[in-house]
Amino acid sequence: MRIRFDVPADPAYPGRVAAALSSDRLRRYGYVGAVLAAVGAIGFAVSRGFAWGEQISSLWITMIVGGLLSMLYWPWVRLRARRRSGRYAVEGAYDITDDNIMMRSGSESGGIAWDGVTQVKDTPEFWIVYVGRMAATVIPRRLMSAEDAETLRTFMANRKLLQVR
């Protein structure tokens, strides 16, 4: 297998990559925040019926505020990543073979051996390639031909790397 394709200098592309890479790690903040806010709201409502409820109402309010801030952390980080990465828009290319994924961007290049890849997560726009527990790179499907995308999907499935979200 040999798949080659170019990445145009699209100012929005690095932001989409940053958002895809950060979404997995940051999604749990939203879940934890929802639980904190729900427990805080229930605790606040229940404690109002008791005489001692006024004494600990600040605890419940703190849990609600902490939960809301935790839920807002994910969108805030993604927005900052998109803004910050817009200046990194340079032309590049991918060269994917049976042995490795080679990426070139501007004057820099790097590669990842398939033997080091532990999993690949499927998102609507990208395949997120993991080395260990760390997201190492993304492979943009929309820049590939349909035949190349299917060839790569089959290759990753045969190696038992592909994880569908």
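Biologist: How many aromatic pairs does a search of the whole structure find?
Modeller: Two, and bear in mind that this is a predicted model.

Biologist: OK, what's the geometry of Tyr29 and Tyr73?
Modeller: Edge-to-face, with 4.9 Å centre to centre and 65° between the planes. The planes count as edge-to-face because the cut-off is over 60 degrees.

Biologist: And where do those two tyrosines sit in the chain?
Modeller: Tyr29 is in helix H1 (residues 13-47) and Tyr73 in helix H2 (residues 57-85). They're 44 residues apart, which makes this a link between distant parts of the chain.

Biologist: How accessible is Tyr29?
Modeller: Tyr29 has a relative accessible area of 39%, so it's partly exposed. Tyr73 is partly exposed too, at 32%.

Biologist: What about Trp114 and Phe155?
Modeller: That's an edge-to-face aromatic pair as well, 5.2 Å centre to centre with 65° between the planes. Trp114 is in the loop between strand S4 (108-113) and S5, while Phe155 belongs to helix H3 (residues 146-158), so the contact ties together parts 41 residues apart in sequence.

Biologist: Are Trp114 and Phe155 buried or exposed?
Modeller: Buried, both of them.

Biologist: Switching topic: in which sense do S5 and S6 pair?
Modeller: Antiparallel, over four bridges, with S5 covering residues 119-122 and S6 residues 126-131. A hairpin of three residues connects S5 to S6.

Biologist: Which residue in S6 is the bridge partner of Lys121?
Modeller: Ile128.

Biologist: Last one: what sits over the ring of Trp127?
Modeller: The charged end of Arg141, 5.0 Å from the ring centre.

Terms used
Residues numbered from 1 in each chain as written. Predicted model: local features only at pLDDT ≥ 70, side-chain atom pairs only at ≥ 80, totals over all residues. Heavy atoms only, no water. Pairing = 2+ DSSP bridges. Phe/Tyr/Trp six-rings, centres within 6.5 Å; stacked < 30°, edge-to-face > 60°. Buried < 20%, exposed > 50% of the residue type's maximum accessible area, 1.4 Å probe, protein only. Lys NZ or Arg CZ within 6 Å of the ring centre and 35° of its normal.
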